[in-house]
Every structure is written in C-alpha cells, then in structure tokens.
Amino acid sequence: MTTPTPDAAEPFSFDILKEMARTLAASPYVPQDIPDADVLEEVDYDEHNQISFRPEDTLFQDQGNASPVQMFFPGKFFKSPVRIFTLQDGLAHEVNFALDMFDIPSGNPAEGLTNTHGFAGFRVMDAETKLDWMAFLGASYWRTSGYSGQFGLSVRGLALDTAINGPEEFPLFTRFWLEPAENGDLTAYALMESPRATGAYRIQSHRDNGVIQQVSASVYLRGDVERLGIAPLTSMFWYGKNSRFLAADWRPEIHDSDGLQILTGSGEQIWRPLNNPPHTMVNTFQAPNVQGFGLMQRERDFVQYQDDGVFYEKRASVWVAPEGDWGDGNVSLVELRTDDEIHDNIVAFWQPNGPAAAGNSYDFAYKLTWLEDSPATTDAARFIATRVGVGGNPGQVRPEDTVKVVCDFDGHTLTGFGRGDGVTVIASASGAVVGNESVYPVVGQDYWRAMFDIDFSAVAEGDDTPIDVRMYVAREGSAETETLLLQFFPSQLRKLLAAAA
C-alpha cells in the first residue's frame with residue numbers, strides 16, 4: 001500500500017500556488033517530459049478500460065464521511081503525467097506513481113510502463129456507496145455526477161483560441177493538491193500550465209441535491225491569446241426538437257444539453273436553443289457584468305430520448321454564477337458540426353473585452369452548480385420546446401421556402417389570460433420575413449404556444465448565411481417571456497422542406 005510519509009511534507013497554500021504560477025509565467029514554456037510515450041500510444045481506449053486501481057491504495061478511505069480518491073492510469077489519450085499530493089494542516093505529501101497500485105491484465109501493453117511516469121488524473125467517490133461523483137481526467141477538464149448520479153457535460157479551467165484558425169491550445173492541470181473534509185467535501189488545488197498561460201485554481205466541491213463548486217483562479221498569460229475563454233463549459237448536441245431532420249437515428253433526441261441560458265447584467269434572460277450547424281459557428285452575446293450563464297438540459301422526459309443506457313434526461317445543467325463584477329465582455333457559444341453522439345461539439349465561455357496580451361493576469365471567482373435546472377430566478381416565462389416544420393396553414397397551398405417555428409413556454413406569467421387578451425408575439429429575422437404569428441394557451445395543458453412563419457425565399461440557392469431570429473412574447477408592451485434567440489441555416493431548412501415534400 002502506498003502511503004505518503006511525513007518526511008516528504010512541504011508547506012502549501014493557495015498563495016504559494018499563485019506565486020508558483022506567476023513565476024512559471026515569467027519563464028519560457030518547457031513541455032513536460034513524457035516517459036515511455038511509445039508504450040502509452042499502445043494503451044488505447046479498450047486497453048485503458050481494462051486497468052483498475054487497487055482498492056487498498058485508495059486515498060482517504062475509512063476516514064468517516066471523507067470522500068475516497070483513486071487515481072487514473074495514463075494512456076494514449078492521457079499521456080501527460082500528473083502529480084498528486086494530499087494536503088493536511090498546510091502540509092503537502094506527494095503520492096508517488098507506482099505500477100503496483102493498479103491491476104493490469106497480462107498482455108496489456110501498460111505492463112511496459114516504468115514507475116517514472118505519473119497519474120492521468122483522479123476520481124472522487126462517495127464514502128458509503130463507493131460510486132464516483134467527480135473526476136478530473138485530461139487537460140484541465142473535470143466532470144461531476146450532478147443531481148442524478150449521471151455524468152454528462154464537462155467544464156474546463158481555461159479555453160485558449162477555441163474555433164480560431166489554427167490548432168486550439170489545451171492547458172493542462174499538471175499538479176493537484178487534495179484536501180478532504182470530514183463531511184465529504186473536497187477541495188482540489190490545481191496548477192495549470194500551457195505554452196501561453198499558467199494558472200492557480202482552487203475548486204471547492206460540496207454535494208447538496210447536486211454538486212456545488214466554488215472556483216477561484218488566477219491566470220497569467222505568457223503569450224497573446226486571440227480568444228480567451230473563462231469558465232468554459234463543454235457539451236454535446238447532435239439533434240433535438242428543432243433539428244430532428246438532421247439525423248437518421250431512431251431516438252427522438254440526443255444531447256447532453258439543449259440550450260444556452262444567459263442572465264445579463266440588466267436582468268434580461270436569454271434562451272438560445274443549441275444547433276448542429278453545417279459548419280463551425282461562433283456566436284457572441286454581449287453581456288457586461290453578466291450575472292450568469294450555463295448549458296442547460298431542459299427536456300426531462302425519458303420518452304423524448306428513449307435511451308435507457310445513457311439516460312440523457314438525467315444529465316445535469318451547469319450554471320456559472322460570477323462572483324464580483326467581471327466587467328465588459330460577452331458569452332461566446334461555439335457549435336461544431338457532428339454526426340454522432342460520441343463527440344463534444346458545444347463550448348460556451350465568458351470572453352472579456354480587450355486584448356488578452358502576454359503579461360496580462362486575471363483573477364476571477366465563480367460558483368458552478370450541477371443541478372437539474374438553473375438556480376437563477378426571474379419573473380420571465382421559460383421556453384420549454386422549439387420545433388420547426390413546413391410553413392403556411394393546413395388545407396392551403398404551402399408557400400415555398402417558408403418554415404413554421406413553434407415555441408412552447410411555461411406561461412406562468414399569463415395565468416388567467418387567453419386569446420384576445422393583448423398577448424402578442426414580437427419576432428424578427430435577419431434576411432427573412434416573419435409572418436403568420438399567433439400565441440395562445442394550449443388546450444388541456446399548463447403551458448402556452450407561440451407560432452410564426454419564416455419566409456426565406458429571398459435567400460439565393462447556395463447562400464447559407466445564417467438567419468438570426470429574435471422573439472419574445474409580450475402583453476400590453478411588457479415582455480412576459482425570456483428572449484428567444486434562434487439561428488437557422490437556409491441549406492438545412494431546404495433539406496427539411498425537401499424531406500416533407
């Protein structure tokens with residue numbers, strides 16, 4: 001059994017970690033040495049899954065409600081060595097990597113690895129059930145089991161030049177200091193390193209009908225960054241109600257998240273259903289002094305997924321709530337084209353205004369909540385479903401190049417009202433014409449429905465300039481719903497109409 005020894009102890013604090021990151025940023029980047037890289041290349045997905053951590057070497061086990069921790073073995077997709085320390089009373093003890101901490105099947109190429117490597121990351125378990133509830137594995141990624149025990153989207157420490165021409169840079173968490181609490185909470189301190197940035201992170205995790213995390217970070221830039229992403233969220237969206245026609249899979253919907261929610265500094269609440277675009281898209285939403293943003297999973301009905309293997313309806317919604325004024329900036333949404341559920345193709349993050357230049361430093365703190373829904377509360381009615389179909393009216397000749405958009409919302413602000421009570425749809429579309437609007441309470445249900453047509457016949461064949469739609473429902477001039485933002489592509493809409501013809 002591997003046990004940290006007192007003679008290996010070194011003083012540690014968050015201030016010490018920040019000074020370490022600041023000092024590293026002042027020197028040229030030195031890439032990590034990766035021992036036995038040729039061996040790790042052979043430890044692919046299947047071979048990696050055959051390797052298990054030996055229970056007797058678990059950290060913090062049999063310490064009451066403290067959350068036990070087990071380390072991950074390195075492999076083809078996790079080559080960079082990660083050093084792990086335990087932390088108690090301000091003293092850090094390193095947990096040295098050793099092959100005999102793992103059960104490696106005979107014949108697995110991992111047998112050829114030396115003891116000079118490091119771990120790939122770690123997982124955190126419940127003291128009683130021994131089920132995982134958090135994991136750090138790869139680059140600066142981490143995930144939790146959220147409110148339902150079901151892992152879904154990931155978060156990252158930092159995003160550097162996502163969807164910019166040229167390769168994206170993925171900073172690495174190279175060292176962790178783990179401090180358990182008697183009640184099962186865990187604080188993870190992490191050193192981040194990359195060619196253009198270093199960082200010191202403190203991630204305090206607590207479970208309460210979900211996972212609540214307090215993140216504090218200091219980031220120092222070694223080089224210029226064109227697109228600096230703070231508090232990045234990474235998810236998967238293949239298709240949903242608004243894009244069912246894009247996939248031939250038998251399941252009705254497949255996604256870890258179905259929309260981006262933003263609460264601006266002025267209090268406006270924005271809902272942007274996610275897309276699977278024909279090509280990479282980056283959209284920015286100006287939000288000075290943003291109060292929060294997150295990737296949400298609003299559809300919670302199993303019937304809408306029909307997947308009893310991965311349970312998409314149980315995936316957590318992750319909300320970022322800045323602490324303090326983050327100043328001027330925008331929430332950026334990156335959407336990549338995908339044709340399968342195995343690819344993360346959605347990224348959302350905060351991007352501060354102004355150049356992110358070498359020598360800049362950033363201090364920021366925020367709360368991450370991994371819950372069923374956003375903790376942000378407003379008076380606006382929420383959109384719960386968006387569908388797209390053939391435009392026009394039943395029994396009449398359907399107009400060419402026209403689709404109908406149908407938006408359901410919870411309608412709690414319109415209780416007691418109905419058709420003819422001054423409730424109206426306020427909608428506009430870039431490069432297209434909006435018409436045929438209507439809004440009404442759905443008979444026999446507790447929600448409302450807003451409908452309108454988009455005529456994009458003026459868009460020439462071959463022109464795939466996005467059609468941006470902005471819509472909300474008002475009564476007597478006052479907004480009653482979130483602001484719904486939609487983005488459509490003429491090529492995809494024509495595919496939908498051709499399939500219906």
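Predicted model: local features only at pLDDT ≥ 70, side-chain atom pairs only at ≥ 80, totals over all residues.
Residues are numbered from 1 along each chain as its sequence is written. Local features need pLDDT of at least 70, side-chain atom pairs count only at pLDDT 80 or more, and totals for chains, interfaces and linings use all residues, while side-chain values use heavy atoms, with hydrogens and water left out.

Helices (H or I, at least four residues) and strands (E, at least two) are DSSP runs, numbered from the N terminus. Two strands pair if DSSP finds at least two bridges between them. Four strands form an open sheet in the order E27-E28-E31-E30, and the pairing is antiparallel. Strands E27 (383-390) and E30 (433-441) stand at the edges. Each has a single partner strand, so one side of each lacks a neighbour in the sheet. On average, neighbouring strands of this sheet are turned by 15 degrees against each other, direction ignored. E27 pairs with E28 (residues 402-409) in the antiparallel sense over seven bridges. Within E28, valine 403 stands opposite valine 390. Helix H4 (residues 490-500) packs on the sheet and touches E27 and E28. Contact here means heavy atoms within 4.5 Å. The direction of H4 makes about 60 degrees with that of E27. Axes are lines fitted to C-alpha atoms, for helices over the stretch in contact, and angles run from 0 to 180 degrees between N-to-C directions.

Strand E4 (residues 83-88) has partners of both senses. With E12 (residues 172-180), E4 pairs in the parallel sense over four bridges. Arginine 83 has arginine 175 of E12 as its bridge partner. With E5 (residues 91-95), E4 pairs in the antiparallel sense over five bridges. Here glutamine 88 has leucine 91 of E5 as its bridge partner. The hairpin of E4 and E5 has two residues between the strands, and aspartate 89 takes a positive phi near 55 degrees.

The whole structure contains 27 salt bridges. A salt bridge is a side-chain nitrogen of Lys or Arg within 4 Å of a carboxyl oxygen of Asp or Glu. Glutamate 341 and arginine 251 form one of them (2.5 Å, N to O). The pair links distant parts of the chain, 90 residues apart. Glutamate 341 lies in the loop between E24 (329-335) and E25 (346-352), and arginine 251 in the loop between E17 (237-239) and E18 (254-255). Glutamate 341 is partly exposed, at 21% relative accessible area, whereas arginine 251 is buried, at 8%. Buried means under 20% relative accessible area, exposed over 50%, partly exposed in between (1.4 Å probe, protein chains only). Asp249, Arg251, Asp307 and Glu341 are linked in a network of salt bridges.

Arginine 315 and aspartate 256 also meet in a salt bridge (2.5 Å, N to O). Both residues of this pair, arginine 315 and aspartate 256, are buried. In a further salt bridge, the closest N and O atoms of arginine 449 and aspartate 408 are 2.7 Å apart. This pair joins E31 (residues 448-455) to E28, across 41 residues of chain. Aspartate 408 counts as buried, at 2% relative accessibility.

A nonpolar core is a set of buried Ala, Val, Leu, Ile, Met, Phe, Trp, Tyr and Cys residues joined through side-chain atoms within 4.5 Å. The largest has 77 residues, of which Met71, Phe122, Trp142, Tyr201 and Leu368 touch the most other members. Leaving aside neighbours within four places in sequence, phenylalanine 122 contacts residues including Met71, Ile84, Phe136, Phe176 and Leu186. A second, separate core of 35 residues includes Leu263, Ala376, Leu493 and Leu496.
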